[in-house]
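Please look through the sequence and the 3D structure shown below. The paragraphs after them lead from one contact between two side chains to the chain as a whole.

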Amino acid sequence: MRPIHASVWVDDLEATEEFYVDTLGLDVKNRLTSTVYYEGSSNLFVGVGDSMEIQFKHDPDIERSGSGGFDHFALSVNNIDEEVERITEATGCPVVLEPTTMD
């Protein structure tokens, strides 16, 4: 699996790390506390190898609901059906919207 790009606000940074690092197998690339935009917000960067990183942002003082903190998320995988099956079996999470496959 290769992250292409994303920047996402999350409500629970610890649960996010558990899913993306422990379940999906991505690596923690960096952690930082923002000193510019959204000063004090926590940031977790994950990725695989030299791929671009996924940035997860969290600030308990900012309320994000629905898709308000989500722009988009793109991943490249060798076999999407196998990955979806592996992830749903590992987490028990249902698939709400099937993935879109692009060349």
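Begin with Q55, whose side chain makes a polar contact with the side chain of N43 at 2.7 Å. A polar contact is a pair of N or O atoms within 3.5 Å; within protein, one must be able to donate a hydrogen and the other to accept it, and residues adjacent in sequence count only if both atoms are side-chain atoms. This is a predicted model, in which local features need pLDDT of at least 70 and side-chain atom pairs count only at pLDDT 80 or more, while totals for chains, interfaces and linings use all residues. Residues are numbered from 1 along each chain as its sequence is written, and side-chain values use heavy atoms, with hydrogens and water left out.

Q55 lies in strand β4, residues 54-58. Helices (H or I, at least four residues) and strands (E, at least two) are DSSP runs, numbered from the N terminus. Leaving aside residues up to four places away in sequence, Q55 touches A6, S7, V8, N43, L44 and F45; contact here means heavy atoms within 4.5 Å.

How many of the residues of β4 are buried? Five of its five residues are, and the strand is mostly covered. Buried means under 20% relative accessible area, exposed over 50% and partly exposed in between, with a 1.4 Å probe and protein chains only. Both faces of β4 are covered: I54, F56 and H58 are buried on one side, and Q55 and K57 on the other.

Next comes strand β3, residues 42-47. Five of its six residues are buried, so β3 is largely enclosed by the rest of the structure. β3 and β4 pair in the antiparallel sense over five bridges; two strands pair if DSSP finds at least two bridges between them. S42 stands opposite H58 in β4. The two strands β3 and β4 form a hairpin with six residues between them, and in the turn G49 has a positive phi of about 55°. β3 also pairs with strand β2 (residues 27-33), in the antiparallel sense and over six bridges. N30 has F45 in β3 as its bridge partner.

Now turn to the aromatic rings. Two aromatic pairs are found in a search of the whole structure. Rings of Phe, Tyr and Trp (its six-membered ring) pair if their centres lie within 6.5 Å; planes under 30 degrees apart count as stacked, over 60 as edge-to-face and the rest as tilted. F19 and Y20 form an edge-to-face pair, 5.0 Å centre to centre with 90° between the planes. The rings of Y20 and F56 have centres 4.6 Å apart and planes at 40°, so this pair is tilted. Because Y20 lies in helix α1 and F56 in strand β4, the pair ties together parts that are 36 residues apart in sequence.

Y20 counts as buried because its relative accessibility is 16%.

Helix α1 covers residues 13-23 and contains Y20. Y20 and I54 are 34 residues apart in sequence and 9.8 Å apart in space, C-alpha to C-alpha. T16 lies in helix α1 too. With a relative accessible area of 11%, T16 is buried. Not counting residues up to four places away in sequence, T16 touches V10 and F56.

The other helix to examine is α2, residues 80-91. Its twelve residues reach 16 Å from first C-alpha to last, close to the 16 Å expected at 1.5 Å a residue; the expected span is 1.5 Å times one less than the number of residues. N79 caps the N-terminal end of α2, with a side-chain oxygen 3.1 Å from the backbone nitrogen of D81. Just after α2, G92 takes a positive phi of about 75°.

Finally, consider the whole chain. It has two helices and five strands, which follow the pattern β-α-β-β-β-β-α along the sequence. Of the 103 residues in the chain, 27% are buried. Among contacts between residues at least 6 apart in sequence, 53% join residues at least 24 apart.
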